[in-house]
Amino acid sequence: MKIYVNYNDNRWKKYDIDFVRVANSVVDKKYTNAEISIVLTNDDEIHALNKKYRNIDKPTNVLSFELEDDILLGDIYIALDTVAREAKEANISIEDHTAHMIVHGVLHLLGYDHIKEEEAKVMEAKEIKILKKIGIKNPYATDSCIYSDSSCCPGSKIFSFFKKIKIRKNSLEQYVLLALLGVGASLGFAPFYMWWVTLLSIACAYKLIIRSNNSKDGLIKNFLRALPFSATYSMCMFWWVLHSIYVVPELTAQFAIWTIPALLGIGVVGGIIFAIPFVVISCMRTIPACRAILFATIWAFVLWLREWLCTGFPWNPIANITMPFPIVANSMAFWGAIGLSFVIIGTIVSLVEALSNKESKTCWMVFGVFSLLFFIGILLGENNMKISQNDSFVSPVVRIVQPAQSAVQKASHSRIEALKNAEENIKNLILLASDKNKPDLIVFPETSYPLVVVKDDVMPIATALDANVLIGTTFYDNGGMYNSMLVVSSDGVIQDIYSKSHLVPFGEYRPFGDIIPTPGQLSAGQGPKVMSINLDNKNFSFVPAICYEIIFSDSLFPKENLHIDAIINITNDTWFGKTPGTYQHLDMVRRYAIESGVPIIRANYSGISAFVAANGEIISSLPIGQAGYLDGFVWGAHNTLYRTIGKNGWVIIILVFSCLLMTSVYALKKHK
């Protein structure tokens, strides 16, 4: 370990003390590259430091300013006047007492404390053992045990919340608090929108975990340290998927036994994914400013990774907490949800590092860079909102039909009953969509047509309504069953078909064969396409999306640069009722509209159906559980920079930007 000794009081020079030997007796080989500074001073300077940082109007023997960094451990200040007085009272030499102060100070830099009695016992035992090793007797064997005064160790985290409430490192209360912070981090999304709780929870979790940072702990220990936060964060965000088990009695009877295993599975898988940023920064040795950059970069990388990992489920990127603030949310038209999440996380954790290392110019510089990116995003978001108001092309009038029937109402138990239910459902759909004011296009939700369809079928709904219809149904072709969207002309002829290509694992297909039972086994469609229909002598071009296909960035648009007026998303959230998942699904739709610059027409079987503008604004909507229809139109389709670059391109940009920023930080640090 490198020891830098600074003589702020020349009286110290007459004492023969091997500072390097004493300080190095405290640490082991893993701190070979670490550095500390020992400042030899007097009562006046210590008094001033105590008053400034601790609001304590007196001098003390030693002060330890902990940086909580693996390399730069911190500074130790020792006051000659107090040390000399205490040595005289204890009848020991100034050299021996100073050695004790060095050992005491270095232990503070390594995270030891003596605020609580049990902590003091551990620290004192450590000091006695180290001092004995270098030939100094037990200082606590006398009556001069004057080291219980906690003012000797303010550390650089004196304003830290956790320093005040004394959460012990790697203790049970730390893990409980991290679990609670995981719950809090999930509250920034719809329908709660407690964005400040999410930001504070992530900041606090980051602070708690990095203060326990030890690159020598290894992957497993660092993962277990982060797991309480990442697992509860995951379970609180995704528990609602299990609501689907209890919607239909038959499903409940078959799958209820899987509820607890599934919830634990969500915790394990999500816990691994969301722990990655914490584990990486814990396993790597770097300075605080670069640690913040690295954390934000890995967080963005994880968002990209989970978009395709195991079929992908990119739900609730941190960017979605900005939905209550359209000017901020619209910056996603520039850098997407991944980029905005990178900026938000970077801003929060760099602020934590800056407040924790107040004298570090590099930490404040990094915070300034992320803050600048945030405000640049606001300016770009404002510009996207203006572009989205362009009404040079307005879509034909579209009617969204929301049947809002329960899954039980749609279910049947025999062929006769199935046919009877199907006939009744078709009549209800026709009745619900009927009105004297006929729209140009009627859109029915996912799987709303209750019979299996083949290509040559004539669709009675379209003929009964005498209208162009877009409807979701089960489509049979070449031995495969598909979750499909049909474009049907007013004479009932099927004009075009789109089949869902991104199927839901365990819901629509068996990813592990028959090991885990699955309600359906559908075939996947061929991928994204552009569909068009002539409405009121206007060619209306749109991109189809079924259910959660809308949550995958870059997933809907073909590689060809074709003109697109809107996205039509048909879905069925009946399975999730009024849980947060239903509201969050709509926010994922709004996010996609902003990223792509294309308005969205969304028909949801049970709600929330909506017309969503190209800037993510909800133009009009039908609430959950309300049967009826909604007439409207959309406008403002345009190409965004994000749609041009794509998520893969932005991940590369983020990685390059982060490398350049970290290189600049290290260069500035070296120059200083």
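Lys500 has 0% relative accessibility, so Lys500 counts as buried; buried means under 20% relative accessible area, exposed over 50%, and partly exposed in between, with a 1.4 Å probe and protein chains only. Leaving out residues up to four places away in sequence, Lys500 touches Glu446, Asn483, Glu508, Ser523, Ala524, Gly525, Ile546, Cys547, Tyr548 and Glu549; a contact means heavy atoms within 4.5 Å.

A word on what you are looking at. This is a predicted model, in which local features need pLDDT of at least 70 and side-chain atom pairs count only at pLDDT 80 or more, while totals for chains, interfaces and linings use all residues. Residues are numbered from 1 along each chain as its sequence is written, and side-chain values use heavy atoms, with hydrogens and water left out.

How confident is the predictor? The term pLDDT stands for the predictor's confidence in each residue, from 0 to 100. The protein chain averages a pLDDT of 88, and 92% of the residues score at least 70. The pLDDT is below 50 over residues 142-151, a stretch with 25 contacts in the model beyond near neighbours in sequence. It is also below 50 over residues 153-164, where the model has 37 contacts beyond near neighbours in sequence.

Strand S9 (residues 480-488) and strand S10 (residues 494-499) pair in the antiparallel sense over 5 bridges; two strands pair if DSSP finds at least two bridges between them. Val487 has Asp496 in S10 as its bridge partner. The hairpin of S9 and S10 has 5 residues between the strands, and there Gly492 takes a positive phi near 90°.

Next, move to the start of the chain. Here you can find an open sheet of 4 strands in the order S1-S2-S4-S3, with mixed pairing. Strand S1 (2-7) and strand S3 (62-66) stand at the edges with a single partner strand each, so one side of each is left without a neighbour in the sheet. On average, neighbouring strands of this sheet are turned by 15° against each other, direction ignored. Axes here are lines fitted to C-alpha atoms, for helices over the stretch in contact, and angles run from 0 to 180 degrees between N-to-C directions. Within the sheet, strand S2 (residues 35-41) and strand S4 (residues 72-79) run parallel, joined by 7 bridges. Leu40 stands opposite Ile78 in S4.

Two helices lie across these strands. Helix H2 (residues 43-54) lies across S2, S3 and S4, running at about 125° to S4. Helix H3 (residues 80-90) lies across S2 and S4, and runs at about 65° to S4.

Which residues of H3 are buried? They are Leu80, Thr82, Val83, Glu86, Ala87 and Ala90. These residues cover an arc of only 165° around the axis, which puts them on the same side of H3; the arc is that of the directions from the helix axis to the C-beta atoms. An α-helix has 3.6 residues a turn, so residues three or four places apart point the same way. The buried residues of H3 pack against S2, H2, S4 and helix H4 (94-109). On the face turned away from the buried side, H3 carries the exposed residues Lys88 and Glu89. Just after H3, Asn91 takes a positive phi of about 60°.

What about the cysteines? The structure holds 0 disulfides, a disulfide being a pair of cysteine sulfur atoms within 2.5 Å. For Cys204, the closest cysteine sulfur is in Cys236, 16 Å away and therefore too far for a bond. Cys204 is buried, with a relative accessible area of 13%. Cys283 is in no disulfide either, with the nearest cysteine sulfur, that of Cys290, 17 Å away. Cys283 is partly exposed, at a relative accessible area of 29%.

Asn357 is found between helix H14 (332-356) and helix H15 (361-387), and counts as buried at 5% relative accessibility. Tyr605 has its place in the loop between strand S14 (600-604) and S15, and Tyr605 is buried too, at 2% relative accessibility.
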